[in-house]
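This report describes a predicted model.

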Amino acid sequence: MSEVALLQVIGLCVIGTGVSILLFVKARFVRVVGFVMIVLGLFSMTALGVPQMASLPPAEEKFDVANIKTASDMAAIGQKIFFSKGQCALCHSIGPSESARCPDLKGIGAKLSREFIFESLTQPQAYIYLDYRHEGPPKEYPARMPYINKNPIGLSKNEILSVIAFLQQMSGEPITVSPEEITQTAQATTPVAIAHAQ
Amino acid sequence: MMNQGDDPTGGTAGEQGRGAWLAGLLVFLALGVMPLVGLAQDVPAASATAYRDIPGLGSRNMVWVVAQLHLLLAGFVLGVPIFAWLCEIVGWKTGEKRYDKLAKEFTKLLTSSYATTALFGGILLFLLIGFYPKLMNYLADVFFPSFIVYCLLFLVETATLYLYWYGWDAMQDSKKGLHLFLGFLLNVFAFFIMIVPNSWATFQASPVVISEGTDLQRAWAATWNPTWWPVNIHRLIANVVLGGYICGAYAGIRYLSAKNEEEREHYDWMGYVGNFIGVFGLLPLPFAGYWLMREIYQYNQQMGITLMGGFLSWLFILQAMLIGVLFLGSNYYFWLGITHRIPGSEVKYRKPMMAMLIILLLCLGVWMTPHSLVASLEEARKMGGTHHPLLGVFGVMSAKMTVANLMILVTFMSFIMYWRAGKEETATWAKVARSLMGGVLGVAAIVVIVLGVWGYFVPAIVRINYFSVAQVLIVLFVMLTITPLTALLLRSAKTTTEMVWGKMPPRAGYALVLNAVMVILLMTLMGYARSSSRVHWHIYGVMRDSSQYAYSPALGYAAAFMSLNTFLFCMLVAFIFWVATMGDKAKANDAGGKGHGAQGTLPAMAGGAPALDERK
């Protein structure tokens, strides 16, 4: 018996019990319980009558440095990190977007050097001008950009390099990060789960 | 007992044999939750453990049931103080003791539910820590300061509730102002108790990137996520609706089992107040829901599409059905009231009631029309496309927004009709006022329909940002114009037919129960929608759910759980109310036995202060 059929049988039993209560029981409260059972049974039966679609998660991929052979491999992994663990797409868009809360990154790989991008990701305050619009010593502007290499995002150096490779590739630039730069440390050889982009 | 580390065990493993779950869960609940929770906690904590599970029952199912019961109870205990306090103010201002008595009866239900709510909250916390340690570690890391705030709020809320409830009789006269202030504080604390955990749940759905900073700064940044305030407002209104309809259902059941005229009169009136509060909250609720949905789309279009056009799209047809039944049930109760409480009104209002019924049913039909039917190739060919040539027109948002607004207008007019029934306006300007109200209503309905039709021919962004908003504002304008105008008109009106309480047929009690069940089902349904919109993420786009329960079950399976949760909640509330009123019944019987029959038969109400129990 399929799951839907089983649930339909249960639903019918619930409705049947409710109807029996209303037919044969006099006690007021029990009759109300019977009435509630009928309503709930009917609701369940209706829900079982519409198309049954479950939402299955996409397969989870591993970031295994042993499999990285080319710069394009790195960029492909960087793209996945960009849209998942790196959380970049929570604020940045690639191309104009009304809902993006932070700068559009389209073409960013052509505008900025890889060193500058790396520094922007790991030290977001480095080139932020100080705020003098108040009395006393100047203050730093609050950096809305988080430190990507620290918690809660906490990308490793390899992952950041992969993201840079992706940013360069999607900007039509040659990828200047080479697979040899991926350090074969004990940490890096551990597969890292990467979720598919939405 | 199973531990699961970071490695996923496969997304669909849990699908098999899920149907056996409901029966298993019932047995499990019968055996008691706590021993199994103990089992889950026996496992030594390991930092690598991401998930724990109880095979056969499933961690997600257990959390689903307990979280839902906790949320429903919480909705009730946070919604009731709002109108209990308002009733007390009305009683104080008008001098009508029955309102004060009603407020106290509401508060009595609140005090007895409060501890159970906290109990389920505690169980939920243990289950979450046990089953989802990785997620809870993350949330604790981000939100720890607000955990502390939450605990402090609970302390002051509990202390205020004790003072409010136990000080009711003692503060009746000279200290009434202080008592009202306590009621105000109770609601302020309750509001914050609601919005603090809302920040945790909304952060899971719409996380923001958290920059470096102190713990407080990080928690604050995460709290101010895009859906926090829309959910706060939506839940606040929904809690009032839930509380009102549950109190109405309580009154309905007590009315059905009433043993004398006095009880019937009291619980008929209480049922009316409960239904009125429910409808009062129900009218603006779709607007709050619309705002929430709009914010979700703005935050992440993909999430919005998953909800409205993806695998959850059929859920909104079920939602339309439940809301439609709720509107029908609420209106039906008003119409029963006009027919049975106001002798002679039946003939006068039969035609308007029939017209309203037809409009409501037509609107419901449109609201329930699916946008795209799941059809075979052959069926699609016969229809001439995936959208039915006729029905497809009604399946789009423009049509649905229009009928939702029309249903709100009809329900509002039902209430106005009930309000004016049995009275004759004597003001010199009554005729002008009536014409004005009729004109406002007619023009509003036409404009709402015109905007709805026009919405088909403009880009979606224009419809969403301007037309839909205009429709909502028009309906609000109608309510804000006609309500004070009617109040002014009735101030000098002559009562031609006195309202007779306690004459409602038994089906009125069942209608109140039906309304409460619909609201509870709606809350369980939308809880599933909110949770499923995150698809396979614990925290959307940030922390992936890599457990075996990362999938969202189909509607049929989910609906079975919703029904189970609704049933358990109803039974739980019935038990709590039964326990809460047990002492009063004994008191009433005792008083009856001592020869105070007339007064002693009044049960349960307001803790039995004799001075308050005098009939008005």
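## A helix pair in chain B

In this predicted model, helix H12(B) packs against helix H16 of chain B, which spans residues 397-420. The two axes lie 9 Å apart and meet at an angle of about 20°. Because angles under 35 degrees count as roughly parallel, H12(B) is roughly parallel to H16(B). The crossing of H12(B) and H16(B) is left-handed.

On the side of H12(B), the contact is made by Phe327(B), Ser330(B), Asn331(B), Phe334(B), Trp335(B), Gly337(B) and Ile338(B). H16(B) contributes Met407(B), Thr411(B), Ser414(B), Phe415(B), Met417(B) and Tyr418(B). By class, the residues in the contact of H12(B) with H16(B) comprise eight nonpolar and five polar ones, with no charged residue.

## The contact between chains A and B

How many residues of chain B are in contact with chain A? There are 54 of them, and they touch 40 residues of chain A. Several helices of chain B give two or more residues to this side: H5 (133-166), H8 (228-256), H10 (285-299), H11 (301-308), H12 (313-341), H19 (506-532) and H20 (555-593).

Which element supplies the largest share of the side of chain B that touches chain A? That element is H20(B), with nine residues. The composition of this side of chain B is 33 nonpolar, 16 polar and five charged residues.

## Chain A

Chain A has seven helices and four strands. Read from the N terminus, the order of its elements is α-α-β-α-α-α-β-β-α-α-β.

Chain A consists of 198 residues, of which 34% count as buried. Among the contacts in chain A with a separation of 6 or more, 61% are between residues 24 or more positions apart.

## Chain B

Chain B, with 616 residues, contains 21 helices and six strands. Buried residues account for 47% of chain B.

Where contacts in chain B join residues at least 6 apart in sequence, 81% of them link residues at least 24 apart.

Key. Residues are numbered from 1 along each chain as its sequence is written. Chains are lettered from A and ligands numbered from 1 in the order in which they are written. This is a predicted model: local features need pLDDT of at least 70, side-chain atom pairs count only at pLDDT 80 or more; totals for chains, interfaces and linings use all residues. A residue is buried if 20 or more other C-beta atoms lie within 10 Å of its own, exposed if 12 or fewer, and partly exposed in between; C-beta atoms are placed from the backbone. Two residues are in contact if their C-beta atoms, placed from the backbone, lie within 7 Å. Ala, Val, Leu, Ile, Met, Phe, Trp, Tyr, Cys and Pro count as nonpolar, Asp, Glu, Lys and Arg as charged, and the others, Gly among them, as polar. Axes are lines fitted to C-alpha atoms, for helices over the stretch in contact, and angles run from 0 to 180 degrees between N-to-C directions. Angles under 35 degrees count as roughly parallel, over 145 as roughly antiparallel, 65 to 115 as roughly perpendicular and the rest as oblique. A crossing is left-handed if the near helix is turned anticlockwise from the far one by less than a right angle, and right-handed if clockwise.
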